[in-house]
Amino acid sequence: MFVVLRVLPGDPAKMLLPEGAPQSAVDELNRHLGLREPLHVQYAIFIRSVFRGDFGQSFQYRAPALRVVTERLAATAQLALAAMFLTGAVGVSLGIVAAVRRGTRYDVASTLFAVLGQSLPNFWLGIMLILLFGVALRWLPTSGFESWRHLILPAVTLAAFPTALVARLTRSSMLEILGRDYIRTGRAKGLAERAVVLRHALRNAAVPVLTVLGLQVGTLLGGAVITESVFAWPGMGKLVVDAIFFRDFPVVQTVLIFSATIFVLINLLVDLLYTVIDPRIRYS
Amino acid sequence: MRRRSAASHSVGRRRFLTLSAAGLVAAGLPRAARAQGKRSGELVAGLSERMLTLDPANHYSISSTSVHRHMFDPLVDVTNDSKFVPALAESWRAVNNTTWRFTLRKGVTFHDGTPFNADSALFTLRRVKDNTKLIKSFVYQDIESVEKDGDYSVVVTSNRPFGSLPAHLTMLGMLPPHAAKNEEAFFQKPIGTGPFRFTSWTHGDHIVLAANPTYWKPGVPRVEKVTFRFIPELSTRAAGLRAGEIHVVDRVTPDLVETLKSSRGVKVFDVPAVEAQRWIFQLAKEPVKDQRLRQAISLAIDRNVIIKDLLLGYGRPVDSPVPPGLIGHTSLPAKPYDPERARQILKQAGYTNVSIDFVLMKDLYPKQLEITQAVAAMLGEVGIKVNIKNLEIATAREHRSAGTYDMFFSGWAHMPHDPDWYFGQWFTRAGSEKLTRYNNPRVEQLIAEGRVPDPKVRQAKYEELERILWDEEPEIWPYYSVAIYGVSDRVRNFEPRRDYYVLLSDVAIV
Amino acid sequence: MTDLFVTDRSLEAGPPTSHRRPLNAPAVIGGLLLALTVLASVLAPVLSPTDPVKPQFSRRLAPPWGLGGTPAHVLGTDNLGRDILARLLHGGRISLALASVSVLIAAAVGIVVGLVAGSGGERVDALFMRLADVQLALPVIMLAIAIVAVVGTSPAALVGVLALSGWVLYARTVRANVLTIRRLEYVEAAYTLGASDLRIVARHILPNTLAPILVIGSSQFATMVLLESGLSFLGMGIQAPQPSWGLMLAEGRDYLSNAWWLATAPGMTISLVVLGANLLGDGLRDLLDPRLG
């Protein structure tokens with residue numbers, strides 16, 4: 001990762017300086033940024049500092065990279081959690097309804113919703129929501145990071161795609177399970193429909209849904225770039241993309257260390273949940 | 001040699017009225033409004049670019065300069081018609097070609113009560129010169145010494161003529177000397193002499209400033225509080241304005257003007273900017289190093305269509321490499337559109353199947369991709385094939401450094417309202433080494449001679465060198481940009497700046 | 001509850017073979033939709049009313065027919081006065097090809113990795129899954145810039161980046177399914193009976209993971225189209241003035257509030273393709289799933 005960043009074409013000092021800065025200024029600034037050392041020396045310095053808890057100084061912000069990143073954590077976490085909640089709640093319910101009422105207009109409506117959710121670009125949805133709820137109706141603020149009301153539109157925008165995906169996955173997994181013999185047996189034994197659907201079928205349909213949900217958490221944390229820019233939301237996704245474009249290596253490195261850790265943790269957690277939901281999954 | 005007084009401000013403004021109809025609306029309001037002089041209300045501005053630092057010496061961002069101007073005063077201010085007027089310096093003059101003397105304003109204090117005097121100016125100027133980590137440092141490297149002469153006078157000497165120093169100083173906010181103790185802590189919660197005091201900054205989102213009740217300029221500021229929100233996405237910025245959450249937005253594009261004009265409570269201001277778009281050629285590369293080919297390209301481009309149809313009139317025909325209002329501007333004959341002549345030239349020079357790479361820095365200039373596609377079609381008409389390469393900025397700049405381009409979509413906003421930087425960067429051998437590879441000793445000499453403080457000498461030198469450039473066409477200047485602002489109709493006394501600044505000290509809200 | 005599951009499940013003797021049901025109506029509609037889109041794109045040069053690349057400044061931003069426009073430009077014109085229908089048709093050739101190839105590659109890689117990780121023992125599993133985590137943590141844009149820097153720009157590089165961004169979803173889903181299925185008694189029974197790994201994978205595991213794969217695949221199509229336009233600035237995507245659906249969306253972005261049709265036309269087209277893919281995917285799943293009657 002360290003090397004990948006440094007082989008990128010482009011020059012950090014040139015990105016920081018204005019268009020018309022002489023080459024001498026570029027060289028001088030790169031020296032200050034520690035970028036004129038040989039690569040292995042830079043790497044040694046980086047590793048040593050990271051173990052001391054020092055992630056370097058952001059080139060762009062001229063502040064500790066760790067602080068620059070952690071300042072965005074609150075905004076990122078809020079948005080990701082809200083979107084996650086929407087995805088889980090709406091996606092799974094829609095999927096269940098569509099599966100149980102297969103072939104009815106509920107199913108059709110849910111399919112249409114899912115198609116829109118999967119294919120509407122985030123910027124289109126975001127701007128349309130702003131124009132409708134912010135400008136025309138004035139029910140919600142158009143952008144910014146302040147109260148829970150500012151959170152609603154970006155969370156809905158961000159959740160659209162994963163919700164659609166989860167709804168369809170739930171539907172298809174549920175259909176598969178509902179068709180199985182043991183469910184028929186359960187019904188025949190006189191179990192209440194609710195219990196059949198929620199306790200038996202849903203539980204068995206949960207594994208693929210959970211997998212995708214787990215992966216979406218990661219996407220929601222770091223991949224909300226477009227939603228963040230449309231709503232001027234000060235999150236980590238936009239931060240890291242800008243940092244990549246500006247060749248702000250310390251910030252990119254810090255975000256990557258953070259997000260890799262979060263990914264590993266979440267996916268371990270998902271693996272653990274598999275065994276809880278389905279005791280047959282063991283790791284030998 | 002050059003002395004400015006506060007009086008030139010209003011004179012300048014009146015002259016400026018002739019430049020722009022929108023300026024009329026903006027400037028017509030102030031006198032009546034100023035008479036009331038009561039401070040009330042709160043302004044919210046939406047800026048296009050995120051502020052990265054509160055250190056005025058450590059960036060060249062236009063949005064950040066706007067924000068910083070409210071907290072920090074520079075020594076020199078610049079009016080909308082590019083006249084330099086007193087801020088913290090009451091007057092200044094060139095003692096000789098390499099010495100400037102600034103007389104400072106008395107009775108000004110920083111927000112914490114520290115008096116402003118020569119020590120502050122000394123500290124600020126020496127810091128930007130000596131601390132080469134600072135982004136603005138390279139501009140001040142010609143300075144040899146900064147000395148004080150009494151408590152309210154500062155003498156700056158340079159190792160070669162530095163006529164553009166006052167212009168550069170318009171972008172450098174003055175700091176109290178005690179900032180040196182712990183710069184990092186200081187710039188977390190900075191202190192200036194400006195009309196507003198720093199309140200809080202939510203990184204990546206907004207900054208809040210509160211009126212400085214003891215500001216040295218009477219009647220300023222006019223509101224209690226100003227919030228700058230950073231909203232890079234134009235649609236979102238405009239939506240905030242239309243929803244009444246934001247009172248001023250910058251960087252509106254021509255296509256959005258009608259939408260804003262038809263929104264209730266929103267007005268649109270526009271003014272010709274101090275910015276020329278430029279399509280630069282790689283002058284060491286075949287085939288565009290050939291002046292005949294460049295001339296053919298220039299003749300094949302219908303600038304009128306670009307301005308009228310694509311920019312909807314929000315662009316101005318170019319009559320000089322330097323926009324009107326700046327020193328050195330002179331009116332040269334317009335570049336004609338003559339595809340027939342272009343074809344002839346190509347034929348005479350033996351060019352068939354010419355194919356050129358036109359590199360763009362992604363999303364940097366409004367409507368650049370659209371305009372480039374139009375140009376590609378126009379050049380296609382005369383038989384020149386254009387490969388558009390819309391690249392990520394850092395990669396595009398690498399292409400420019402490496403010289404692997406034929407044309408490059410660029411622009412130049414004359415932020416210090418002085419063309420010396422532009423000429424020195426793009427038309428000297430050292431400056432253009434990693435850019436266009438321009439090399440003309442005569443032009444280089446004229447640029448050096450134009451660095452003196454005397455405006456008459458500068459005007460003469462610049463006129464001569466512009467005529468050379470006009471013939472050589474080392475770049476194409478397709479249009480001067482127009483700065484467009486969206487403003488709430490509750491806002492009074494807003495002035496649309498030609499340098500894209502959003503300055504709200506003199507602005508009121510009802 | 002799980003007892004119920006296992007007992008009942010053990011009654012099944014693996015996938016029955018004699019099922020052949022006709023495709024359901026939605027699947028036929030879905031298939032037709034897709035076939036029509038592909039056909040229209042292939043025939044773009046014939047069907048296009050005008051040149052998709054050449055600007056016509058005088059008829060800039062004309063609205064669609066019936067909404068203030070003329071029948072000469074049914075879907076209106078774009079910011080350079082080019083006919084949007086013509087651009088959609090031509091753009092489809094590139095977008096459909098790129099998106100479907102990269103979805104197929106991502107799915108193939110993901111399925112193989114998922115199968116290997118799920119059935120290959122704990123070490124292999126851990127290795128592949130942590131690899132997936134790291135890859136997910138790296139922003140696609142950074143990978144793309146790096147790949148372009150190393151191998152240069154080409155359609156193949158673009159497909160590579162797109163596929164790289166998509167395989168993990170399949171890998172993890174397949175793996176999760178394998179973990180569930182391989183413990184089923186009939187699979188264990190097959191093992192004891194000496195069936196080869198390959199046979200077990202092909203006969204028992206793959207059919208059971210098909211449903212989520214089809215769902216993910218059909219929904220990833222739109223993501224790929226959008227990503228392709230997102231990557232165009234690396235010089236590896238489609239460069240203007242050549243049309244692609246993603247690029248058209250991106251160009252329409254600045255016009256949402258005053259000329260909505262620029263972004264809406266390609267957006268609707270992508271929706272139609274996704275709808276077709278969803279319907280067909282569901283239909284195929286029903287067809288292949290042995291248990292649904």
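**Chain A, domains**

I looked up how far apart the two domains of chain A sit. Taken over C-alpha atoms, the centres of domain 1 and domain 2 of chain A are separated by 41 Å. The assignment places domain 1 at 22-51 and domain 2 at 76-277. I note that this is a predicted model.

**Chain A, Arg247**

Next I checked a backbone angle. A:Arg247 is not a glycine, yet its phi is positive, about 55°. I found A:Arg247 in the loop between helix H12 (236-245) and helix H13 (249-277) of chain A. Is A:Arg247 buried or exposed? I counted 26 C-beta neighbours inside 10 Å, so A:Arg247 is buried.

**Chain B, Arg437**

I then turned to an arginine of chain B. B:Arg437 also is not a glycine and has a positive phi, of about 65°. Its loop runs between helix H16 (429-432) and helix H17 (441-449) of chain B. B:Arg437 has 16 other C-beta atoms within 10 Å, so I list B:Arg437 as partly exposed. As a reminder to myself, most residues other than glycine have a negative phi, and most peptide bonds are trans.

**Chain B, cis peptide bonds**

I looked up peptide bonds next. B:Val220 and B:Pro221 are joined by a cis bond, with omega about -5°. B:Pro221 belongs to the loop between strand E9 (206-211) and strand E10 (225-230) of chain B. Another cis bond links B:Glu286 to B:Pro287, and omega there is about -5°. I traced B:Pro287 to the loop between strand E12 (266-281) and helix H10 (291-300) of chain B.

**Chain B, Ser120**

B:Ser120 is part of helix H5 (residues 118-130) of chain B. I call B:Ser120 buried because 25 other C-beta atoms lie within 10 Å. Which residues does B:Ser120 contact, leaving aside neighbours within four places in sequence? I found B:Met174, B:Leu175, B:Pro176 and B:Pro177. I also took one distance: B:Tyr60 is 60 residues from B:Ser120 in sequence, and their C-alpha atoms are 21 Å apart.

**Chains B and C, the contact**

Last, I looked at where chain B touches chain C. Chain B brings 20 residues to the contact and chain C brings 19 residues. On the chain B side, the elements giving two or more residues are helix H9 (254-261), helix H11 (303-310), helix H13 (368-381) and strand E15 (384-391). Which element of chain B gives the most to this side? I found H13(B), with 6 residues. By type, the chain B side splits into 8 nonpolar, 5 polar and 7 charged residues.

Technical notes: Residues are numbered from 1 along each chain as its sequence is written. Chains are lettered from A and ligands numbered from 1 in the order in which they are written. This is a predicted model: local features need pLDDT of at least 70, side-chain atom pairs count only at pLDDT 80 or more; totals for chains, interfaces and linings use all residues. Two residues are in contact if their C-beta atoms, placed from the backbone, lie within 7 Å. Helices (H or I, at least four residues) and strands (E, at least two) are DSSP runs, numbered from the N terminus. Ala, Val, Leu, Ile, Met, Phe, Trp, Tyr, Cys and Pro count as nonpolar, Asp, Glu, Lys and Arg as charged, and the others, Gly among them, as polar. A residue is buried if 20 or more other C-beta atoms lie within 10 Å of its own, exposed if 12 or fewer, and partly exposed in between; C-beta atoms are placed from the backbone. Domain bounds come from an automatic or database domain assignment.
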